[in-house]
Amino acid sequence: MSEPDRSLARRGRVSVLRGLVGRRVAEAAPAAPPRADAVRRYGTLQLRHVDAGSCNGCEVEIAQALGPVYDAGRYGARLVASPRHADGLLVTGVVSANMAGPLRRTLEAVPRPAIVIACGDCAVSGGGLTDGVGVVGAVDAVVEPDERIPGCPPHPDAIVAALRRYSGR
Ligand code: SF4
């Protein structure tokens, strides 16, 4: 390859690299909530999911939010298996009597500062099941949420937006 050809190829590689590095992959992160600074030191958000009594509709949307299409992972958010590794809880469903204690104890196991995100109408307000048998109430009847994601179920976009407020990315 002649020197002019080599120089052309080099310039081409540099401009492709610039395009990749400089390209915005998404709009800016939503405004940070008051307690976000406490958990977003590293631009990541690790959450332990607690199903407190969901119909599993919210779980389907959470799986979408973390899957390859909505890809909350590219903003630093992911679910972890242990509350000891988490920055907080992602809670779905109206809280059943049997899950009130485990929900409280799971939050106690999260290192401080810890956040609580109530995901879906059931978790936010009790939805249509507030007066059901064996129901304690919405998440705030047991632990105080820092963030509420309304919807039955919430759209994956709404879940990703809420997670980004805490990961800061
Ligand atoms: S908010 Fe809707 S989808 Fe989510 S657990 Fe309640 S009933 Fe199911």
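1. Let's start where two helices touch: Glu 61, Ile 62, Gln 64 and Ala 65 of α3 meet Pro 156, Ile 159 and Val 160 of α6. Being in contact here asks that two C-beta atoms, placed from the backbone, lie within 7 Å. By class, this contact has five nonpolar residues, one polar and one charged. Ala, Val, Leu, Ile, Met, Phe, Trp, Tyr, Cys and Pro count as nonpolar, Asp, Glu, Lys and Arg as charged, and the others, Gly among them, as polar.

2. Before going on, a word on the source. This is a predicted model, where local features need pLDDT of at least 70 and side-chain atom pairs count only at pLDDT 80 or more, while totals for chains, interfaces and linings use all residues. Residues are numbered from 1 along each chain as its sequence is written.

3. How do the two helices cross? The axes of α3 and α6 (residues 156–167) come within 8 Å and cross at roughly 65°; such axes are lines fitted to C-alpha atoms over the stretch in contact, with angles from 0 to 180 degrees between N-to-C directions.

4. Now look at the ligand. Residues around the ligand include Ser 54, Cys 55, Asp 121 and Cys 152, where near means a C-beta atom, placed from the backbone, within 6 Å. Two elements, α3 (57–66) and α5 (121–125), each give two or more residues to this shell. The shell has five nonpolar, six polar and one charged residues.

5. Finally, the whole chain: it has six helices and seven strands, which are DSSP runs (H or I, at least four residues, for helices; E, at least two, for strands) numbered from the N terminus.
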